Amino acid sequence: MNELSLNILDIVENSISAGASIIEIEIYEDTVSDILKINIIDNGCGIPKDKIKHVLDPFYTSRKTRRVGLGLPLIKQVANDCGGDIKIESEKGHTCVSIWMKYSHIDRPPIGNITDTIITILVSNNNIDLIYKHYYNDKNFSFSTIDLKKVLGEQVPLNIPIVIEFIKKEINEGLANLYGGVRKL
């Protein structure tokens, strides 16, 4: 995957498959400490202890559609290649996938189009709540479907075009403010 946002989408899909109803995406860009860290946290069923040691093995998958699971092994390889690693903590009702790498590493993929990633998640999964927090040095931006549902009411689905356009605009403006007025991919 050429963009980290696609890795995030893959991990979030795992969370949804695990029955998560709340998923939190945290991105920390710390250029001072030269660290990029991504956390994906969910309240799904968790990974059983006997399976968690296999989730980074590319030839292991719990899926029945194919015999390999490449998402987590691929992002682990990217993190390792960029001076970082991956850590997965899981128990029933809580899984946290943490990925970190050297921010300035020449091989570090760009974050990519996180707005489109979030929109893709929301369009096809109206029943989950998504919390997105993005930090860039001392600045931060956050978006929460929980907060949006409080304003819109529970009867307004988030995956209708007018709401999707609002969310896209909100995230794009938040990210532009985070990066000093310039949208960064």
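Lys and Arg are counted here as positive and Asp and Glu as negative, with His and the chain ends left out, and each charge is placed at NZ of Lys, CZ of Arg, CG of Asp or CD of Glu. On that basis, the mean positions of the 21 positive and 24 negative charges of the chain lie 5 Å apart. The model is predicted, so to speak of local features a pLDDT of at least 70 is needed, side-chain atom pairs count only at pLDDT 80 or more, and totals for chains, interfaces and linings use all residues. Residues are numbered from 1 along each chain as its sequence is written, and side-chain values use heavy atoms, without hydrogens and water.

Turning to the fold, the chain holds six helices and six strands, taken as DSSP runs (helices H or I, at least four residues; strands E, at least two) numbered from the N terminus. Their order from the N terminus is α-β-β-α-α-β-β-α-β-β-α-α. The C-alpha trace spans about 45 × 40 × 25 Å along its principal axes. Buried residues (under 20% relative accessible area, 1.4 Å probe, protein chains only) make up 44% of the 185 residues.

A closer look at one residue follows. Asn 172 sits in helix α6, residues 161-178, and is partly exposed at a relative accessible area of 22%, that class lying between the buried limit and the exposed one of over 50%. Its side chain makes a polar contact with the side chain of Thr 115 at 2.7 Å; such a contact is a pair of N or O atoms within 3.5 Å, where within protein one must be able to donate a hydrogen and the other to accept it, and residues adjacent in sequence count only if both atoms are side-chain atoms.
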